[in-house]
Protein chains: 2
Amino acid sequence: MLDVCLLGTAGMMPLPYRYLTSLMTRYNGSSLMIDCGEGTQIAVKKAGWSFHPIDTICFTHYHADHISGLPGMLLTMGNAERKEPLTLIGPKGLQKVVTALRVIAPELPFEIRCVEIQEPEQVFYLHGYKITAFMVRHNVTCYGYTIEIERQGRFMAQQAQQYGIPKNYWGILQKGDTIEYEGRRYTPDMVMGPPRQGIMVTYCTDTRPAESLVKNAAHADLLICEGMYAEPEKLAKAKQYKHMTFYEAARVAKEASVKEMWLTHFSPSLVRAEDYMPKVRDIFENAHLGRDGKMAELNFPDDSADIS
Amino acid sequence: MLDVCLLGTAGMMPLPYRYLTSLMTRYNGSSLMIDCGEGTQIAVKKAGWSFHPIDTICFTHYHADHISGLPGMLLTMGNAERKEPLTLIGPKGLQKVVTALRVIAPELPFEIRCVEIQEPEQVFYLHGYKITAFMVRHNVTCYGYTIEIERQGRFMAQQAQQYGIPKNYWGILQKGDTIEYEGRRYTPDMVMGPPRQGIMVTYCTDTRPAESLVKNAAHADLLICEGMYAEPEKLAKAKQYKHMTFYEAARVAKEASVKEMWLTHFSPSLVRAEDYMPKVRDIFENAHLGRDGKMAELNFPDDSADIS
């Protein structure tokens, strides 16, 4: 099970009742955050989520509205008595930006590990998450992220019984380890079925429509996508500032065949956003407006039907 | 007339419904801010005040909760199309801290002038404000500020008539300029009475009780003072972390003979603050709890009684 919480939905600047766009996920005791703007720590508290389990913070890029909350977040995590290392992931320049911002957060009770993305597309495995960073099309280097919880294959009990492996060894094989029993060697692939469908969320702000986005969001359970402008006449502005309209985001969702899309990263000028949604849903039906604190619980697909 | 707005009341970290402690004042078209923490720009919007007229931001010290909102504030002021220079005042190190934080706010449409305080007590005159910075007692170099709107003496019309100065020259003398008329020279002091009582606000956070604070707050119309802890048993903690209890703040207010005091910079652990106020008012009667967005309009004392 993966919990996701869209902490905020603002682009450019935080507003009363609209925090800056940021995502937080919880999986198996480890939390992950994407972007941390001014006020994001307040949004975490409002959502009732905890600072202590945040093991990873990914940054899309270094415009202030996506990273200005980092010093305060680090201090608050320190106050929450974090001792374990924290991994920060972001485009090149991360170490420089973090070092500069830490002028006001120099002393922390935990280690910070900065990981700079080197490739246009790069995969990281951390705390049970598969994180794919993929470059998008903004006016500075900017990445989207696909977060996956992979699911291993089913344990084939009949197979294990045929091999004559005692039940108390089954768990070891399930965890991916090899055993030796009565002079014979058993490997996990002998008793595990093929990997099953996992959970997949794609998060992307600050970009024009991009092939890399469509590719990396393909068949996602949830696409959280920027829609800076709702008014169709703001398409020129979207092109100028390298953002998307609601309709462009909907076309991305459709092309990527995602199951559901939430729009976020709204322009401060956006009001009455719901008025524009019928036309968005003409393009992609399962499109929803993000709102601060919007949560979802994503589960592995129910595959009880195929139990042998 | 001086408008003051206590934008937030939190110490250490921002909370939902409790922004970080910051003060904003408006006088004669120029706004001044003291401290700018994470979320302060949201508090400005909530108060309904404007970014454009902020000409001066003073910093007490460089702990994150007092300056972490600066990059976002600068960008928002830029978006509000500010073109005029902005003056920042703070303890030594200001230039270094501002330069570091601007890694995420490098391009602004206005100039920033950093003024580092050199003396334990130093006076600045800016945009009609008299600003006195005075060093207090925290675990890093920290200053309190007294903001004054000085008031010139009354124009003595009878005196001007006796000199035979035509009425159309009176305004020039009132503004402090000298005139020549029919071969004679008239200076302002010939027609202006002695300076009258102005408006005075003292703002102080992050300190133990200090003589410099009592001295610089003497007879202020309003003292906005830190009270990190309300519980009497937290006195030891207050001493350890160089803060004050409500009762210590009340004694400062009493010793300084201020007219009114607002408490602020509350510990995140503080709840039911009103329960502690009766004992605070036993020490200093006109003590009030600060709250986010608390405003006052301070006027020159009514001196109609002494009109001759």
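This is a predicted model: local features need pLDDT of at least 70, side-chain atom pairs count only at pLDDT 80 or more; totals for chains, interfaces and linings use all residues.
Side-chain values use heavy atoms, without hydrogens and water, residues are numbered from 1 along each chain as written, and chains are lettered from A, with ligands numbered from 1, in written order.

Chain B holds an open sheet of seven strands, ordered S6-S5-S4-S3-S2-S1-S16, with mixed pairing. (Strands are DSSP runs of E, at least two residues, and helices are runs of H or I, at least four, numbered from the N terminus; strands pair if DSSP finds at least two bridges between them.) Strands S6 (112-116) and S16 (294-298) of chain B sit at the edges with a single partner strand each, so one side of each lacks a neighbour in the sheet. From one strand to the next, the twist averages 15 degrees. Further in, S3 (30-34) and S4 (54-58) of chain B pair in the parallel sense over four bridges, and Met33(B) has Ile57(B) as its bridge partner in S4(B).

Helix H3 (70-79) of chain B lies across S3, S4, S5 (86-90) and S6, at about 175 degrees to S4(B). (Angles, from 0 to 180 degrees, compare N-to-C directions of lines fitted to C-alpha atoms, for helices over the stretch in contact; contact means heavy atoms within 4.5 Å.)

As for the two chains, a rotation of 180 degrees with 0.0 Å of shift along its axis superposes chain B on chain A, RMSD 0.1 Å (least squares on C-alpha atoms of residues with pLDDT of at least 70 in both). That is the relation of a two-fold axis.
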